[in-house]
Amino acid sequence: MSQANNAHAQRRPDHRLIQALIPSGSRVLDLGCGDGQLLQQLVEQRGCWVRGIEISEQAVLACIQRGVPVFHGDMLEGMAHFHDGYFDVVILSQTLQQTSSPPQVIHEMLRVGRRAIISFPNFGYWRTRLQLLFKGRMPENGLLPYPWYSTPNVHLCTVSDFRALCAQEGLERVEEVFLAPPGRRIGRMLANWRAGLAIFQVERRGVTHG
């Protein structure tokens, strides 16, 4: 399972919006943290206490060069080292579709953290649909940059799919943010059709914060 997509990690539009969702001074874990750019920004701009988990050795070295504390290994293995509620926020940025068991990963995120912020490419995006309809081939674009035979994406989903998963797993959708390429924020209306990228902030249903 690949947890880093260095090809388009630079200046990703979801990083700015994810950062805005995280309160200053939070304890933050980033799964598949790549080169640690987002965590570094959270430390410098929001005073957060951070940790990362990353499977790519090259990306881990980049984290170390940035001064970002990182666990080298699988995200489930890494989260097993933390006790319940250790973090305020756990981030999974454009990596959900690469996990072998998305529900298991999300529940583990909400074991070690109070809230989870999850972003993913929306496979229901209209350009993706049209590529399938008119070309009859798996789409390749900025959000889905791999050919079908070498993609790390094993569980692509749509906005509607993710909402249904939240309902099924008893998760509360605290916030929804949607982007249309190349990074323009849009409203919730017809998001399953219009959004190229979705960001959800979720928590266990019925959780109260003191």
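Analyst: Happy to! Arg-194 is partly exposed at 29% relative accessibility, where buried means under 20% relative accessible area, exposed over 50% and partly exposed in between, with a 1.4 Å probe and protein chains only. Some background: this is a predicted model, where local features need pLDDT of at least 70, side-chain atom pairs count only at pLDDT 80 or more, and totals for chains, interfaces and linings use all residues. Residues are numbered from 1 along each chain as its sequence is written, and side-chain values use heavy atoms, with hydrogens and water left out.

User: Where does Arg-194 sit, and what does Arg-194 touch?

Analyst: Arg-194 is in helix H8, residues 191–194; helices (H or I, at least four residues) and strands (E, at least two) are DSSP runs, numbered from the N terminus. Leaving out residues up to four places away in sequence, Arg-194 touches Tyr-125, Trp-126, Ala-180, Ile-186, Gly-187 and Met-189, with contact meaning heavy atoms within 4.5 Å.

User: How far is Ala-180 from Arg-194?

Analyst: They are 14 residues apart in sequence, and their C-alpha atoms are 6.5 Å apart in space.

User: What about Thr-128, buried or exposed?

Analyst: Thr-128 is buried, with a relative accessible area of 2%. Thr-128 belongs to helix H6 (residues 126–135), and the residues Thr-128 touches include Phe-123 and Leu-144.

User: Switching to helices: how do H1 and H2 cross?

Analyst: The axes of H1 (residues 13–21) and H2 (residues 37–46) come within 11 Å and cross at roughly 45°. Here axes are lines fitted to C-alpha atoms, for helices over the stretch in contact, and angles run from 0 to 180 degrees between N-to-C directions. That makes H1 oblique to H2: angles under 35 degrees count as roughly parallel, over 145 as roughly antiparallel, 65 to 115 as roughly perpendicular and the rest as oblique.

User: Which residues of H1 make that contact?

Analyst: On the H1 side they are His-15, Ile-18, Gln-19 and Ala-20. From H2, the partners include Leu-38 and Leu-42.

User: And which residues of H1 are buried?

Analyst: Those are Asp-14, His-15, Leu-17, Ile-18, Gln-19 and Leu-21. What covers them includes H2 and strands E4 (87–93) and E5 (113–121).

User: How do H5 and H7 pack?

Analyst: H5 (residues 102–112) and H7 (residues 159–169) pack at an angle of about 60°, with their axes 12 Å apart. Pro-103, Ile-106 and His-107 of H5 meet Phe-162, Leu-165 and Glu-169 of H7.

User: What about the backbone: which residues does a cis peptide bond join?

Analyst: Pro-181 and Pro-182 are joined by one, with omega about 10°. Pro-182 is in the loop between E6 and E7.

User: What is phi of Gln-94, and what is phi of Leu-190?

Analyst: Phi of Gln-94 is near 55°, a positive value in a residue other than glycine, and phi of Leu-190 is also near 55°. Most residues other than glycine have a negative phi, and most peptide bonds are trans. Gln-94 is buried, with a relative accessible area of 6%, while Leu-190 is exposed at 58% relative accessibility.

User: Last one: which residues lie in the loops between E4 and H5 and between E7 and H8?

Analyst: Gln-94 is found in the loop between E4 and H5, and Leu-190 lies in the loop between E7 and H8.
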